[in-house]
Amino acid sequence: MIGLSLLLGLSLSNKVMIGTAMLGGMAGVVGSFAVLRGRSLVGDMLAHAALPGIGLAFLIMGSRSMLGLSIGALASGLLAIATVTVIVRWTRTKEDAAIGIVLSTFFGFGVVLLSIVQKPEIGGNKAGLDSYLFGEPGNMLTGDLYVLAVVGTLVLLAVGLLFKEFKLVCFDTDFAQSQGWPTLQLDLLMMASLALVTIVGLPIVGVILMAAMIILPAATARFWTNRLHLMLLLAAAFGVAAGPLGTYLGRGLPAGASIVLTAASFFVLSVLFAPRRGVVAKIVSEYQLRRRISHEHLLRSLYELSESELPTIPRLPLLSIHEHRHWNSLEKLLNLEVEAGTIERSEQTVKLTPLGLRRATELTKAHRLWEMYLVQFAGIAPDHVDRDADDIEHLLPESLVLQLEQQLANEGRLPLLIPEVPLSLHDLGTEKPSRES
Amino acid sequence: MLTGAATNVACALIGCFLVLRRMSMMGDALSHAVLPGLVVAFLISGSTGILPLFLGAAVVGLLTTFLTQSLHQYARVPSDASMGVVFTTMFAIGVVLVKKYVSGLHFDIACVYEGSLELVPFADTIAGLPRPLFTTLIVLIVNLAVLIVLWKEFKISSFDGNLATTMGFSSTAIHYLLMTLVAVTAVASFEAVGSILVVAMLIVPAATAHLLCDRLAVMVAISAGVGIAASILGYWAAYYFDTNIAGMMTVAVGVLYALAVLFSPRYGICSTLVRNFQMSLRVFREDLLAMLYRVEELDASKSLTATEARIALGSGWLARLAISNLIRAGGIGKEGDQLQLTVQGRSDARQLVRSHRLWETYLVEHLGMPLDHVHEPANRIEHFIDEKLRQELDAELEEKSQDPHGREIPE
C-alpha cells in the first residue's frame, strides 16, 4: 500500500485516504475482539487515558513527533489498563466504575499537564497537541503513514498467528484456562494491540471518535455473521471503507467526525437490513409466523365446526366461525385460504376443500395429541390443556406428532373413535374465545 | 470554586445511583452525547439561554438512553457496545453541527472538553449570581429535590429492579429520569467545568463513598462531601501550580479515591492486609497453643523447645512472631529453651482442642465422613468455634467424651 501511494506521488488527500483506510482496517480487527469480550468501552478509556502520556512526552522532548508522543501515549494507556485491572481485582469497585474513574482522572491529569505545556515560559508550542484530542487527518505526515503501516502489520501478524488462541479466550476463557492456555497473557496481548491501534489512531480521528472506530465496524460486522474469521474480515472491510469514504464525503467537515458518521451509517443500515439479525428481517419473520399461526387456527376451527358431520364436509355459515373464536381480520384470512385452495366460499358460507380437510385434520390431530399427552402424562386437568396446546401446536414437528401418537397408542390410551383424529377432550362449544396468537 | 463545588455536589448526588446500577459509563456517554442537543437547541432558540439548553440536553439524554436500550434489547447488541455506538455517533453528529453552523461561537469543543473555570464570565449575572453558578445551583436544587421526593423509589429500583416492578412503579421510568438528570447536570456544568470533570464527578466520589460505607443515605452524603473536598483541594492546587482548575479538581478527586482504596476502614487494601495479617497471626498462635497442649497430653513431662515449635509451625517469620507474641501475652512461659503452657494458656488450649475434637466427632457421627478426612477441616474451623457452638455441638453429640480417634475430649 505504501509503495502504491509513493507511486501516486503522495498528494495530501491520497495520504489521508490511505492512512484512514489502514486505521479503519486495524480498528475493525482489534475492535472485534474488544466487542466480543464485552470491552467496547476500553477503547474509549484508552483514548482518554493516553493524554497524560502525550503531555509528559511533550514536556520531556519538547517537540511533536508522532513516534515520541505515541510512546508516551502507549505507556499511559497500558498504565491505565493495569490500574483498572488492579482496582477490579482488589477493591469492591466494579469494572464499569473502574473504567470511568481511570478514564476521567487520567484525562484530568492530562488536561493539567497540557495547560502547563501551554504556558509561555515552558516555551512549548502546543500546536498539534490539540489534534490528539480532536483529530485532524490533514496533519498526517508521510512518516505517520509508516507508523500506521508498521502497527497494522504487527497487529495483523499477532491476530494471524494467534487466531485460534484469541478465539478460544474470546468465547470461553474458563475453558481456555482449563486447557492450560496462558489466558492472562493472551488477554493482555489483545488489550495491548487494542491500545496500540487506539494510540496511533488518536491524532487522526481524535479521542471520542477513535473509541467509535473501535466499536462501530466490529458491531456492524457482528450483524452479518456468526463466524469469527468472517466477522474480522467484515469489520476490517467496513473500517477500510469508512476511512476514505468518510474523508471524501465529508470534505469541509471535521474529517474524524465524518469518518465516524460514515461508519455509523454502515451500522444503522446493518441494524435495519442484515439478513438474520436485522430489524427488518426480524419483523418479516415475526409477521410470517403470526400469519402461519392464524392460518392454522382458522383451519382447526373449521375442522372443529365440521366435525359433527364428517365425513361429509358441511357448508359452514360465516357467523358460526365468528362465534367459534376471536379473529383479528377474518376476511383477509379467508381470502388467503381461498387462494391456497383449502376452502371454498360463497357470500355467507365457507366449506373446506378435501385438501383443506386433510390439512385441518393434521393440525387438529397435533393439537389434540398434545392435549392428551398433557392430560395423561403431565396430569393436567382436561379443561386446562386447550391454551397450552394452542401455543405449542404450531411448533410440533411431524416426527413428534408421530411419536406422541405411537406412545399414546402403546399405552392403549388413544381413543380411536375416528381413525384419523381423536375426539376432543373438552367441550368445544364452551371453549372460550382465546386470543389469536 | 463555588461553581465547582456546586457542580461536584450535583454530580456526586446522582452519581451514586449510576455507580450502584453499574452504569457508570452512562455518565461518560451522556455527557458527550448531549452535544448535538445543545447545538440544535442553540440553533432553534438562537441564544445560549439556560432553558433551551436544558431542554435540548434532556431530549437528547432521553434519546440516547432510548437508543442504547433498544439496540441492546431488540438488535441484541451487547450493552456496552450499544452505549459506545450511540454516544460516539451522537458526538460525531454534534461535532459536524458545530463545525457547520456555529463555528467560532460560544461552542468551542476544546472548551467544552477541558472546561475553564478561570474564564467563568462573572460579568454575566442572573439574580445577582454569576451565570454558571446560577445554572449549577438550579441543577443542584433540582437533583436534590428529585432525590428527596423519590428517595424510596430510587433506592429500591437501584438495588432490585424487579422488586420495584412488583411493587407497582416502573423502574424503567426511574431509569429514564435518572438519565435525564445526568444529561441536564452534564450540560449545566459544561460551560463552567467541562465535560471531563462532569464524568469524573459523576463516578469517582460515588465510588469513593461506596468503599467507605454500606448504607445508601450515608453513601450519598459522603459522596457529596468528597465532591466538595475535591473542589476545594483542586482549586487550591490549581492556584498553587497555576494550571487548569477543572483538570486539577479531577486529579484531586482521583487522589481521594486512591486514598479510599488504600485506607478505607472496611474495604481498603491496607485494612484488608492488616486484617489478614492479624488473622494469620491468631491462627499461628492458636495452633502453637494446641500443639503444646497435645504434647503435654501425650507425656506430661515433655515439652517443646522454641526451635522445634517454630519448625513444626512452618518456620516462617510469622511463627517466630507468634511465639514471642504468646510469651508476651502470658499464654506460654519460656524456661531456658523449653516452652511451657501457663495456666491461662492451658485453659485456652483446652478449649481449642475441645473445639477440634468436637468438630471431628460431629463430622464422623453426623456427616459420616471417613476417619482420615476429618482432621484437616477440624484444624481449619477450630479457630472459629466459640463457646456457644461448643455447647451446641456437645449437646448434639450427647456429651461424648472421646473423639473418633479415641482421644479424650477435654472439658
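Trainee: At what angle do the axes of H14 and H17 of chain A cross?
Mentor: Roughly 95°, and the axes come within 8 Å. H14 covers residues 279-306 of chain A and H17 covers residues 354-377. Axes are lines fitted to C-alpha atoms, for helices over the stretch in contact, with angles from 0 to 180 degrees between N-to-C directions. Helices are DSSP runs (H or I, at least four residues) and strands are too (E, at least two), numbered from the N terminus.

Trainee: What do we call the arrangement of H14(A) and H17(A)?
Mentor: Roughly perpendicular. That label takes 65 to 115 degrees; under 35 is roughly parallel, over 145 roughly antiparallel, and the rest oblique.

Trainee: Before we go on, what are the ground rules?
Mentor: This is a predicted model: local features need pLDDT of at least 70, side-chain atom pairs count only at pLDDT 80 or more, and totals for chains, interfaces and linings use all residues. Residues are numbered from 1 along each chain as its sequence is written, while chains are lettered from A and ligands numbered from 1 in the order written.

Trainee: Back to the helix pair. Which residues in H14(A) meet H17(A)?
Mentor: Among them are A:Glu296, A:Leu299, A:Arg300 and A:Tyr303. The H17(A) side includes A:Arg359, A:Ala360, A:Leu363 and A:His367. Contact means C-beta atoms, placed from the backbone, within 7 Å.

Trainee: How do the residues of that contact divide?
Mentor: Five nonpolar, four polar and four charged. Nonpolar covers Ala, Val, Leu, Ile, Met, Phe, Trp, Tyr, Cys and Pro; charged covers Asp, Glu, Lys and Arg; the others, Gly among them, are polar.

Trainee: Switching to the interface. How many residues does each chain put into the contact?
Mentor: 46 from chain A and 51 from chain B. On the chain A side, H5(A) gives the most, with 15 residues. That side divides into 30 nonpolar, 10 polar and six charged.

Trainee: And the cores. How many residues are in the largest nonpolar one?
Mentor: 190. A:Met213, A:Val260 and B:Ile203 are among those with the most contacts inside it. Another core lies apart from it, with 21 residues, including A:Leu299 and A:Ala360. A nonpolar core is a set of buried Ala, Val, Leu, Ile, Met, Phe, Trp, Tyr and Cys residues joined through C-beta atoms within 7 Å. Buried means 20 or more other C-beta atoms within 10 Å of a residue's own, exposed 12 or fewer, and partly exposed in between.

Trainee: What does B:Ile203 touch?
Mentor: Chain A residues including A:Ala97, A:Ile101 and A:Ser104, and chain B residues including B:Leu18 and B:Val19. Residues up to four places away in sequence aren't counted.

Trainee: What's the strand order in the sheet of chain B?
Mentor: S3-S5-S4, an open sheet with antiparallel pairing. Strands pair if DSSP finds at least two bridges between them. S4(B) and S5(B) have four. B:Glu335 stands opposite B:Gln338 there.

Trainee: Backbone next. What is phi of B:Arg22 near?
Mentor: 55°, a positive value in a residue other than glycine. B:Arg22 sits in the loop between H1 and H2 of chain B. B:Arg76 also has a positive phi, near 60°, and lies in the loop between H3 and H4 of chain B.

Trainee: Is B:Arg76 buried or exposed?
Mentor: Exposed, with 12 other C-beta atoms within 10 Å. B:Arg22 is partly exposed, with 14.

Note on methods. Contact = placed C-beta atoms within 7 Å.
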